[in-house]
Amino acid sequence: MLRCRCVVAHALIVLFFSSLACAGLRWEHTRLTVPVEAGQEQAVGVYAFTNTGNEPVTILDIHSNCGCTVPELEKKTYEPGESGEIKAIFTLGDRTGPQRKVLTVNTDMPGRPITRLVLEANIPKLMTITPRILICEQGSPVRIKRSM
């Protein structure tokens, strides 16, 4: 009798964890590097996903680690087999150099409710002026002094 209970308990545990493994959103990519050109105002990353589970999945909310990156989502609930995408719109502003923005996606999926989506970009400088200081005196020729 004890052995029978152990087998049944083991089978239930296996069924529970296998159902968790099959449920939920499967992401095409969770990390994207987007190309950025000098003078560009925005960079957009698109994260495609499919609900590979047997139950609908609802995206409860999406948070960004920076106000410069705004997520866009077409709808919140995705039926089994249905696909969708999250767009991350990164406003570059006066930023330069390597950038890393993170979107945190919260869902109602059991066991794996949180997914982190990473958007990376390397923003080039528009221009570099050397020397950094140019001093002009009225009435005299232009002289350039280098700053120390």
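Two strands pair if DSSP finds at least two bridges between them. Strands (E, at least two residues) are DSSP runs, as are helices (H or I, at least four), and they are numbered from the N terminus. The structure is a predicted model, in which local features need pLDDT of at least 70 and side-chain atom pairs count only at pLDDT 80 or more, while totals for chains, interfaces and linings use all residues. Residues are numbered from 1 along each chain as its sequence is written, and side-chain values use heavy atoms, with hydrogens and water left out.

Strand E8 (residues 97-107) pairs with E9 in the antiparallel sense over 10 bridges. Within this pairing, leucine 119 of E9 stands opposite lysine 101. The hairpin of E8 and E9 has six residues between the strands, and there glycine 111 takes a positive phi near 85°. Arginine 31 has valine 118 in E9 as its bridge partner.

Side chains of opposite charge can pair when their charged atoms come close. A salt bridge is here a side-chain nitrogen of Lys or Arg within 4 Å of a carboxyl oxygen of Asp or Glu, and by this rule the count comes to three. One of them joins the side chains of arginine 31 and glutamate 120, at 3.0 Å from N to O. Because arginine 31 lies in strand E2 and glutamate 120 in strand E9, the pair ties together parts that are 89 residues apart in sequence. Glutamate 120 also meets arginine 100 in a salt bridge, at 3.9 Å from N to O. This pair links distant parts of the chain, with glutamate 120 in strand E9 and arginine 100 in strand E8, 20 residues apart. Through shared partners, salt bridges join Arg31, Arg100 and Glu120 into one network.

How accessible are the members of this network? Accessibility is classed by relative accessible area: buried means under 20%, exposed over 50%, and partly exposed in between (1.4 Å probe, protein chains only). Arginine 31, at 46%, is partly exposed. Arginine 100 is partly exposed at 45%, and glutamate 120 is partly exposed at 22%.

A further salt bridge is formed by the side chains of lysine 75 and glutamate 82, at 2.4 Å from N to O. Lysine 75 has a relative accessibility of 33% and therefore counts as partly exposed; glutamate 82, at 22%, also counts as partly exposed.

Threonine 69 lies in strand E5 (residues 69-73). With a relative accessibility of 4%, threonine 69 counts as buried. Leaving aside neighbours within four places in sequence, threonine 69 is in contact (heavy atoms within 4.5 Å) with Ser64, Ala88, Ile89, Phe90, Lys101 and Leu103. One of these residues, lysine 101, is the residue that stands opposite leucine 119 in E9.
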